[in-house]
Amino acid sequence: MSTPTSDTPDKSADEHLYDSSLNSPSYETVDTGSEPPIPVIVETPEERAERLKLLQDELEKVEEEIVTLRQVLGAKVRRAAEIKRQMGITPFQEFKQDLQHGFKSIQDSDAMQKTNERLTHIKERITSTSAYQKTNEKIHDINDKITHSTAYQKTSSAVKTASEKTSAAFSTVGSTVSRKLSDVRNSTAFKSMEEKVGGAVANVKAKVGGSKSENNFEDALIEETKGANSESAESKPADEKIPL
């Protein structure tokens, strides 16, 4: 005797499954992106006050450390400035070195090298064009025509002649002044004046040689100068003049 099979589902088993799913706890999550959700802290006023006190203490310690680090950094900066001063490094030299280092860094950068390569390539393309070559040839032709023109040659010759005349004039003036000064030094009146001044100085030294008074030298010099002037006025001819 075969046992009859039934295709109908067992309702009691299904009801039991539904009941268990309804009684199970469910959680609701909020998608906040890649960051984890921030937990909500539930605390009493005493706990909150204690937590704030701990944070305040930590903040004060961090601020004290910042002040200490600033003081140490300031001392190091002053020491570095003193060492540079002892080495002879001025602020201007330091600024110049910073500029040179900055320019070198810019020149060695990839962007600058690529820009130079592009500019060189553009220049080669421009210089290789037929328009550029024709323009360059025209400029050379115009320059040749100007330099070979009669007006240009006359102007150049005039400028050269004026320069040569100016140099000759300055040379002549210099030689004339030197010759006049030599004539003055070799004249009879100049030699006579030089001899009289030398004699007057020798006489003054002889008069005050044995005295220790300071006023004797001045009195002797004044007396000897008056005597030399009177002798020069009597012995000098009226018509003799110093050549200029």
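At 29% relative accessibility, Lys84 counts as partly exposed, a class that lies between buried (under 20% relative accessible area) and exposed (over 50%), with a 1.4 Å probe and protein chains only as cover. The structure is a predicted model, in which local features need pLDDT of at least 70 and side-chain atom pairs count only at pLDDT 80 or more, while totals for chains, interfaces and linings use all residues. Residues are numbered from 1 along each chain as its sequence is written, and side-chain values use heavy atoms, with hydrogens and water left out.

The side chain of Lys84 meets that of Glu94 in a salt bridge, at 2.4 Å from N to O; such a bridge is defined as a side-chain nitrogen of Lys or Arg within 4 Å of a carboxyl oxygen of Asp or Glu. Lys84 belongs to helix H2 and Glu94 to helix H3 (residues 91–108), so the pair ties together parts that are 10 residues apart in sequence. Helices are DSSP runs of H or I with at least four residues, strands are runs of E with at least two, and both are numbered from the N terminus. Glu94 is likewise partly exposed, since its relative accessible area is 29%.

A search of the whole structure finds 4 salt bridges. Among them is the contact between the side chains of Lys53 and Asp57, at 3.5 Å from N to O. Both residues lie in helix H2, where 4 residues, about one turn of the helix, separate Lys53 from Asp57. Lys53 is partly exposed because its relative accessible area is 49%; for Asp57, a value of 29% also gives the class partly exposed. Another of these bridges joins the side chains of Arg79 and Glu82, again with an N to O distance of 3.5 Å. Arg79 and Glu82 are both part of helix H2 and stand 3 residues apart, about one turn of the helix. Relative accessible area is 44% for Arg79, which is therefore partly exposed, and 32% for Glu82, which is partly exposed as well.

Charge also gathers on the surface of the model. Glu60, Glu63, Glu64 and Glu65 form a patch of negative charge. Patches are built from residues with over 30% relative accessible area and no salt bridge, with like charges joined within 9 Å and nonpolar side chains (Val, Leu, Ile, Met, Phe, Trp, Tyr) within 5 Å. Glu64, one of the residues of the negative patch, lies in helix H2, which spans residues 45–87. Glu64 is exposed because its relative accessible area reaches 56%.

Met112 is placed in helix H4 (residues 110–127) and counts as partly exposed because its relative accessibility is 33%.

Over the whole chain, the secondary structure comes to 8 helices and 0 strands, which follow one another along the sequence in the pattern α-α-α-α-α-α-α-α. Of the 244 residues, 3% count as buried. The chain exposes about 22,500 Å², of which carbon and sulfur atoms supply 58%; accessible areas come from the Shrake-Rupley method with a 1.4 Å probe, and for residues only the protein chains shown count as cover. Among contacts (heavy atoms within 4.5 Å) with a separation of 6 or more, residues 24 or more positions apart account for 36%.

Key. Lys, Arg positive; Asp, Glu negative; His and termini not counted. Charge placed at Lys NZ, Arg CZ, Asp CG, Glu CD.
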